[in-house]
Amino acid sequence: MSRKAAATRRRAWAATRYHVIGLVTSLLFIAPIAWSMLVSFKSTTEAARPPLPPWPVEGFTTQSYENLAQYGVGIWTYAGNSLSVAAATVVVTVFISLLAGYGFSRFQFPLKNALFVLIISTVMIPFQSILTPLFLILTRLGLQNTLPGIVLIYVTLHLPFSIFMMRNAFDAVPKEIEDAARVDGASVFLMLRRVMLPLVLPGVATVAIFAFLASWNEFLAALILLTDQRKYTLPVMMAAVRSGQFGTIDWGAVQSGVMLMMAPCLGLFLLLQRYYIRGLTAGAVK
Amino acid sequence: MIQGTPPQPHTPRRRGSRLRRKQLVGLLFVAPAVLLVLVFFLAPLCMAFWMSLHNWPLLGRPRFIGLANYEALMVDQRFWGAMRFTAYYTVIVTIAIFAVAFPLALFVERARPLTKLYRTAIFLPVVVGFGSASLLWSWLMNVDVGLFSPLAYRLGLTEKPVNLLATFDTTFWSIVVMVVWKTAGFNMIILLTGLQGISSEVQEAARMDGASGRQRFFRITLPLMRRTIALALILSVAGSVLAFDQFYIIADGGPQNSTVTAVYWIFSQSFVSFRLGYGAAMSMVLLAILVTISVVQLRLLRTPEGA
């Protein structure tokens, strides 16, 4: 046999090995999510048995989702709470970090560096260590146990990363573009909106996806600050369902709740993967 | 060339006011961010320290007690137990994550067909929350309706289904596996950026000089990745020290409070027992630890690569 044929065979073997390892690893990482999704479509009685096999043997049913919908004041209230908190966090974070990023990138003013360092250095301090005073401050402001209160806290938590991202995005825009617009007589705000905003949109996408995922998934602050059951976000509500606060644990309903919590994260990530990974590496490398 | 005085666009006075106006605009742009950080970060931070010097019940007047909370904390066995457990968990889980993530990063480094797909699949658990991941794993770990125990039983590995939440070791290691599943993808991507930062010319030159794959890994890849590896480890450490969701949701701190982490203990002292001042004192200790970690992180990251 020629050496060429042997080399080809060796390459084919290496490729096969690579893909076998790749597929098995990928399956291991996806399996828990896929398993849970399959179980969420089992009937309540079937979901109360070990998931072997994972797929519904007694036929696909949305019974678990229907059961889930009945919990507390109705699951859509909790999903709505989560969604409004996440959406408001995204909008406010993007707005504030756009302004601040522009300010830090393009203007000179007293204490500029000190203020920038002040904001960025808050990443060093874990918010877990200031939850008690936050609770008291929100109470004082009349915002304890309200969704706007928790939104303000989430926004503040995301500011260091978001402002860092936005300032870098503005820094990357050549000054000449603004000079040209200024000659045309554009005001500062018009310039930000019409000229700069389109150029920093990738940065905005990164800030938005991080703010969404973090606020949609956050558990501890929501657990502490939202005391009225009707205000619960999905993670707090589902933890209560799983701990049996609503009677016997319906594992099918738990799985459908897990799916409801995971689906937006997975969907957004798959859609905006590029911006997510960029934020991850920018935040990590710098 | 002969020139007269160049035309002055503005008198100095007007230029001064224009400059001030521009400064004011800049300040206005950053004002909302600064205000939020002051009200929801700096103020609570100062307040946490102030509270730690008080006996501070939820209702009723706080009473100044000086350093009494800190003195009580020094001899609080349960607090130090939680700290010890957190340290143990942090060391184990950081090693475990790295041991899984580094080979994965090496595996997905060279782009071949389907590599992107593998990267995405491994990364998926990172984007779901710790809350939902914990709910999912609390089901997988359940002895009656879950996957692991019944599967092991049916395969004949155990004589009867084992309740993973009954002993410390099985609870602990199941949660470590869950956290590795959830965060390996994140560390893989961080390490991948480090790997891709090593110029292929260096690797190629070493190959030409006859260095084996092993030699290239230990002599080139590893030393050049020191900074990235340090970063990945420190991010894991900082995240693990603050662990809460998985121990609260999956194990409820059990069995017999053996998996209560530092944040969990602060949470239960502050918001279950409502000893707010004492909780604040413990928060200060946790904060000091985290700031130390961050300072070490900055030091390491400032060290030039290969130095």
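**View 1. The loop between α11 and α12 of chain B holds P255(B)**. This is a predicted model. Helix α11 covers residues 245–251, and α12 covers residues 262–271. P255(B) lies in the loop between them. The peptide bond that joins G254(B) to P255(B) is cis. Its omega is about -5°. Q256(B) is in the loop between α11 and α12 too. Q256(B) is not a glycine, yet its phi is positive, about 50°. Q256(B) counts as exposed because 9 other C-beta atoms lie within 10 Å, and 12 or fewer is the cut-off for that class.

**View 2. F274(B) sits in the loop between α12 and α13 of chain B**. Helix α13 of chain B spans residues 276–302. F274(B) has a positive phi of about 55°, although it is not a glycine. Is F274(B) buried, exposed or partly exposed? With 14 C-beta neighbours inside 10 Å, F274(B) is partly exposed.

**View 3. A cis peptide bond runs from L52(A) to P53(A)**. Omega is near -5° here. P53(A) belongs to the loop between α2 and α3 of chain A.

**View 4. Chain A is assigned two domains, which touch**. Domain 1 takes in residues 3–65, and domain 2 takes in 71–285. Their C-alpha centres lie 34 Å apart. The contact uses 12 residues of domain 1 and 9 residues of domain 2. On the domain 1 side, α1 (3–40), α2 (44–47) and α3 (63–69) each supply at least two residues. Helix α1(A) gives the most, with 5 residues. By class, the domain 1 side has 6 nonpolar, 5 polar and 1 charged residues.

**View 5. Chain A meets chain B**. Here 74 residues of chain A are in contact with 67 residues of chain B. Which helix of chain A gives the most to the side that touches chain B? Helix α13 of chain A (residues 251–285) does, with 15 residues. This side of chain A has 55 nonpolar, 17 polar and 2 charged residues.

**View 6. UniProt annotates spans of chain A as "transmembrane region"**. The entry is unreviewed. Residues 195–216 are 95% helix and 0% strand, with end C-alpha atoms 31 Å apart. Residues 251–272 are 100% helix, and their end C-alpha atoms lie 32 Å apart. UniProt also lists residues 79–272 as "domain: ABC transmembrane type-1", again in an unreviewed entry. That stretch is 76% helix and 0% strand, and its end C-alpha atoms are 22 Å apart.

Methods: Residues numbered from 1 in each chain as written. Chains lettered and ligands numbered in written order. Predicted model: local features only at pLDDT ≥ 70, side-chain atom pairs only at ≥ 80, totals over all residues. Contact = placed C-beta atoms within 7 Å. Helix = DSSP H or I, 4+ residues; strand = E, 2+ residues; numbered from the N terminus. Nonpolar A, V, L, I, M, F, W, Y, C, P; charged D, E, K, R; others polar. UniProt positions renumbered as here; feature names shortened; annotations may be inferred. Domains from an automatic or database assignment. Buried ≥ 20, exposed ≤ 12 C-beta atoms within 10 Å, placed from the backbone.
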